[in-house]
Amino acid sequence: MAEIVIRNLRKEFGDFTAVQSSSFTIEDGEFFMLLGPSGCGKTTTLRMIAGLELPTSGDILIDGEEVSQKPATERDIAFVFQMFALYPHMNVRRNISYPLVSQGLPRAQVKAKVAEVARILGIEDILEKPVGGLSGGDRQRVALGRAIVREPKAFMMDEPLGALDAEFREHMAEELRALHDRMGATTVYVTHDQLEAMQMGDKIVVMNHGVIEQFGTPQDIYDKPATMFVADFIGSPAMNFLDARGTVAPGADHVMLGDVRAAIPEMREGASGEIVFGVRPEHVRLSDAAPYRGEVRAAEYLGTTQIVTVDTPAGEIKARIGSDQPARRGDKVGLEFNGRTVTLFSRETGKALRSAMNEDVFHG
Ligand code: ATP
């Protein structure tokens, strides 16, 4: 069990800065996601926490102890990689027990611990099998078993499901999360898959170009994106961005989209310059009476819902609506937005403006 505090963590490789200045706290027992596109610095952050990479500057505290310059072996952290390096010449039992045997633990204790881990993972029946013939999922369970059996303070996982096909990946994601809930060990998990992060994580750090864009619960990140990058990266389809006219003053409750007034949450912060009106596809409705109008360019059928793309004066809008609603290419339609869910951004900074709905939003 461990609380991990990261303060102003920075990593340079020569002239290149992979991690700029990260600060966040991972609470004891949390399932914590590091999310972002390829090359954003997720793995480097994880490797610094595990002690596989030394930071250029900054602090890493595990349960209050500063460990940033300590070697990995002194941090009591288990690392689970994407490609599971099992010992092919050993059976499952010996693979799992290996860390304990090399620590010199008495045989009876090793046996009891392996039995306990096999029970948790549901692999009691394959303990005597060679690892060579196992399925991908079982190999994954064995690799996890070898990490769990040491009872480390925390687990670091780098895209552990990356090599699996989509269906099995979903199953293993559920299994991993359930395992975490049973064991309650602090877990830090790297992924570039926003759905995986939203489904599994208690908290998410969203990174881009070595910078933390946002840090919060999945719901906060979805409902109150701190930046246009986050609003675009999270959600499928992504948030719609429309060009709003005029300046926004504190207290404002609407903006102009073309010539039409559109309601927004009461603003706490104003901005001049270009203002971006952000609304998620599920908060857009098609309504004949609505004054803001556009033309349907496409409709993508998804079963119970459909994604309708509409060209409008302030930009393209995607709406997620019931597939029973008629929407055909070329239709002229009115669009209604749920004003409480709208986020305004400054085009210049890319940051969300504070409103009654997102007062506490992280601002970098
Ligand atoms: P991916 O999912 O592609 O691994 P990531 O977000 O995990 O992406 P990192 O592996 O942390 O990204 O890499 C961040 C940046 O740092 C990348 O541009 C990478 O090329 C660079 N980098 C990582 N390790 C080194 C190294 N040892 N030497 C030089 N540059 C490095």
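**Close-up views of a predicted model**

**View 1. The two faces of strand S13.** In this predicted model, strand S13 spans residues 260-263 and has a covered face, made up of Val260 and Ala262, and an uncovered face, made up of Arg261 and Ala263.

**View 2. The hairpin of strands S12 and S13.** Strand S12, residues 254-257, pairs with S13 in the antiparallel sense, and 4 bridges link the two. One of the residues involved is histidine 254, whose bridge partner in S13 is alanine 263. The hairpin has 2 residues between its strands, and glycine 258 takes a positive phi near 60° there.

**View 3. The residues around the ligand.** The shell around the ligand consists of Phe13, Phe16, Ala18, Pro37, Ser38, Gly39, Cys40, Gly41, Lys42, Thr43 and Thr44. Two elements, strand S2 (16-26) and helix H1 (42-50), each contribute at least two residues to the shell. Helix H1 provides the largest share, with 3 residues.

View 4. At threonine 44, an N or O atom of the side chain is 2.5 Å from a ligand oxygen atom. On its own, the ligand has 630 Å² of accessible area, of which the protein covers 57%.

**View 5. An open sheet of 5 strands.** The strands of this open sheet follow the order S15-S19-S16-S17-S18, with antiparallel pairing. Strand S15 (284-286) and strand S18 (315-322) are the edge strands, each of which pairs on one side only. On average, neighbouring strands in the sheet are turned by 45° against each other, with direction ignored.

**View 6. The pairing of strands S16 and S19.** Within the order of the sheet, S19 stands next to S16. Strand S16 (residues 293-301) and strand S19 (residues 332-337) run antiparallel and are joined by 3 bridges. Which residue of S19 is the bridge partner of glycine 294? The partner is valine 333.

Conventions
Residues numbered from 1 in each chain as written. Predicted model: local features only at pLDDT ≥ 70, side-chain atom pairs only at ≥ 80, totals over all residues. Heavy atoms only, no water. Near = heavy atom within 4 Å. Polar contact = N/O pair within 3.5 Å; in protein donor to acceptor, adjacent residues only side chain to side chain. Areas by Shrake-Rupley, 256 points an atom, 1.4 Å probe, with all protein chains shown as cover. Pairing = 2+ DSSP bridges. Axes fitted to C-alpha atoms, helices over the stretch in contact; angles between N-to-C directions. Buried < 20%, exposed > 50% of the residue type's maximum accessible area, 1.4 Å probe, protein only.
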